[in-house]
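Dear colleague,

I am passing on to you the structure we spoke of, and I would be glad if you looked it over before reading my notes.

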Amino acid sequence: MTGKIDDLNIFRIRRELEINCQPVDRSDHQLDDRCLKLQQFFKEKFNKNPDLIVSVPGRVNLIGEHVDYSGYGVLPMALEQRVLVAICANGTDKTTLVNMDESYEKAEIGSTFSGCTTPSWYHYFQCGVQGALNYSESMKYKGMNAAVWGNIPPCAGLSSSSALVSAAAVCMFLMNEPVVTAPSKENMANLCAAAENLIGTQGGGMDQAIAFLAQKGIAKYIQFNPLQCTDVILPSNAVFVIAHSLVEKNKAASNDFNIRVVECRLAAQVMAKKKGLEWRNFRTLKKLQDKLAPSMLIDNNIVPLCESLLEDRAYNKKEIAELLEVSVEELVDISMSPDTKNVDVFYLRKRACHVFNEAARVLRFKFCCDEFPEEECLEAIGELMNKSHKSLKELYECSHPQLDKLVEISNPYTYGSRLTGAGWGGCIVALAKENKVEDLITALKKDYYSKLGIGDEDLGNYVFVTKPNSGACIYPLNIDQKP
Ligand code: ADP
Ligand code: NG1
């Protein structure tokens with residue numbers, strides 16, 4: 001395909017991607033305004049109008065933290081905050097990327113991407129493009145002009161990176177219309193999850209799944225392998241407040257995240273070996289637990305088993321290799337990621353215990369939403385959120401003193417609160433008591449943000465109420481505005 005994408009093709013994509021491809025929602029004036037500004041910016045930079053805008057939301061995970069890459073289900077919802085990408089084919093073999101935020105420099109990207117050592121913003125775009133190209137041999141690289149705008153706080157556990165990766169993948173599919181039949185939402189999510197691994201972090205797919213499968217007003221219980229998505233209707237008076245610690249954590253810039261992935265993998269493999277199983281076949285805790293007994297998670301007897309098989313101390317590579325009866329080199333080859341091969345301290349028991357308990361909390365959270373009267377549900381899911389935070393802090397060791405402080409300040413005004421996303425900084429999500437939302441925000445302002453010099457005018461960027469929002473969509477632009 002060369003030249004611009006016409007409306008017919010956009011509607012094909014609507015059917016085949018099954019993306020919620022609607023014209024800009026004229027009732028959402030803020031979004032409308034943002035799209036117009038992005039169009040103007042595009043025109044200034046490229047001297048013509050874009051053909052369309054791809055829009056992908058960030059997300060907040062309500063419960064189920066650090067369990068997706070161990071194969072377990074999660075329970076997120078999409079945010080109002082989004083990444084928007086305005087595009088137009090440029091007929092060349094290069095993509096020119098500009099960003100409305102000047103701190104992200106202009107970039108020219110070529111046709112292949114196999115990873116990077118220091119991640120820059122445009123590498124995330126390249127991941128998405130590459131993910132789309134990997135989908136089928138019929139996919140061809142098509143250069144485009146692209147302008148990006150986003151308001152998902154970056155490096156804050158709200159999935160800004162996956163929104164950018166996913167938007168880029170959608171752009172490349174649109175460029176290949178009508179030659180390639182675009183995949184289903186589930187396949188889009190899976191290919192974007194694999195694509196984002198190219199940046200170096202071995203995430204489990206939650207962010208890309210909710211980016212495509214989210215629906216306004218509904219949280220989602222998402223299971224993996226195969227990807228399945230079930231509606232979760234939250235209590236009608238549930239108010240979720242997100243508060244940013246102002247500590248940013250870029251996941252791809254350190255190996256903290258991948259160390260946890262490897263610790264969980266090694267825990268599964270050592271437990272498998274001790275149970276006489278072919279340990280190489282067990283790369284996730286869920287696969288091991290399914291093999292030992294699917295009901296173990298529900299009956300909660302996988303945790304005592306884990307405690308009996310793994311010791312509560314640090315393991316090193318040499319002893320893990322001896323336990324698994326392989327050389328250290330083979331162990332590195334089979335179980336480690338490139339950025340963890342020199343790590344030599346692995347906590348297996350407490351990481352695995354967190355995962356098993358957290359996975360059970362997700363099931364319980366969903367059960368409470370499905371079965372309990374509203375007030376009872378709020379109390380119960382709030383308590384699960386508190387337990388989740390404690391476990392992330394003490395067993396998974398991915399909290400941060402500033403996140404703990406936010407949780408502590410929130411406590412009197414909430415049913416529960418917890419860090420959300422990968423942690424080590426970023427945000428908390430608090431389930432506020434309906435009549436205490438104002439008090440919660442006032443307390444956060446007084447005891448947290450004012451101490452960091454954040455005034456009233458900026459507060460809304462760091463602490464806000466959120467409701468389940470819609471997933472990825474495409475906004476065809478007004479034909480009248482084309483040059
Ligand atoms: P998150 O938890 O938000 O997904 P990550 O550490 O995984 O955080 O990724 C954050 C990175 O994503 C940023 O450092 C930046 O490179 C990229 N990013 C996020 N939002 C934008 C944006 N609006 N424009 C350009 N790049 C962005
Ligand atoms: P954030 O914090 O949004 O980057 C990461 C992973 C998720 C999940 C959570 C922890 C990526 C892209 N995302 O999310 O898959 O593992 O941490 O629950 O790696």
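What follows is an account of the sheets, the ligand surroundings and a few backbone details.

Please bear in mind that this is a predicted model, in which local features need pLDDT of at least 70 and side-chain atom pairs count only at pLDDT 80 or more, while totals for chains, interfaces and linings use all residues. Residues are numbered from 1 along each chain as its sequence is written, chains are lettered from A and ligands numbered from 1 in the order in which they are written, and side-chain values use heavy atoms, with hydrogens and water left out.

**The six-stranded sheet**

Helices (H or I, at least four residues) and strands (E, at least two) are DSSP runs numbered from the N terminus, and two strands count as paired if DSSP finds at least two bridges between them. On that basis, 6 strands form an open sheet with mixed pairing, in the order E4-E3-E5-E2-E1-E14. Strand E4 (107–109) and strand E14 (473–476) stand at the edges with a single partner strand each, so one side of each is left without a neighbour in the sheet. Neighbouring strands here are turned by 25° against each other on average, direction ignored; the axes behind such angles are lines fitted to C-alpha atoms, for helices over the stretch in contact, and angles run from 0 to 180 degrees between N-to-C directions.

Within this sheet, strand E3 (residues 95–99) and strand E5 (residues 144–150) run parallel and are joined by 4 bridges, and valine 98 has alanine 147 in E5 as its bridge partner. Helix H6 (residues 206–213) packs on the sheet, touching strand E1 (52–63) and strand E2 (75–89), with its direction at about 120° to that of E1, where contact means heavy atoms within 4.5 Å. Helix H13 (residues 349–371) also packs on the sheet and touches E1 and E2, and its direction makes about 100° with that of E1.

**Ligand 1**

A residue is taken as near a molecule if one of its heavy atoms lies within 4 Å of it. There are 18 residues around ligand 1, of which Asn99, Gly157, Ser160, Ser161 and Lys251 come nearest. Polar contacts are pairs of N or O atoms within 3.5 Å; within protein, one must be able to donate a hydrogen and the other to accept it, and residues adjacent in sequence count only if both atoms are side-chain atoms. A polar side-chain atom of asparagine 99 lies 2.9 Å from a nitrogen atom of ligand 1, one of serine 161 lies 2.8 Å from an oxygen atom of the ligand, and a polar backbone atom of lysine 249 is 3.4 Å from an oxygen atom of ligand 1. The protein covers 92% of the 580 Å² of accessible area that ligand 1 has on its own, with areas taken from the Shrake-Rupley method with a 1.4 Å probe and, for residues, only the protein chains shown counting as cover.

Helix H3 (121–133) and helix H4 (160–176) are the elements that give two or more residues to this shell, and H4 gives the most, with 3 residues. By class, the shell around ligand 1 has 9 nonpolar, 7 polar and 2 charged residues, where Ala, Val, Leu, Ile, Met, Phe, Trp, Tyr, Cys and Pro count as nonpolar, Asp, Glu, Lys and Arg as charged, and the others, Gly among them, as polar.

**Ligand 2**

Ligand 2 is surrounded by 19 residues, the closest being Glu65, His66, Asp68, Asp207 and Ala422. A polar side-chain atom of glutamate 65 lies 2.6 Å from an oxygen atom of the ligand, and a backbone N or O atom of alanine 422 lies 2.8 Å from an oxygen atom of ligand 2. Taken alone, ligand 2 exposes 440 Å², and the protein buries 97% of that. H6 gives the most to this shell, with 3 residues, and the shell divides into 4 nonpolar, 9 polar and 6 charged residues.

Most residues other than glycine have a negative phi, and most peptide bonds are trans. The bond from glutamate 177 to proline 178, however, is cis, with omega near -5°, and a cis peptide bond also joins asparagine 225 and proline 226, with omega about 0°.

With best regards
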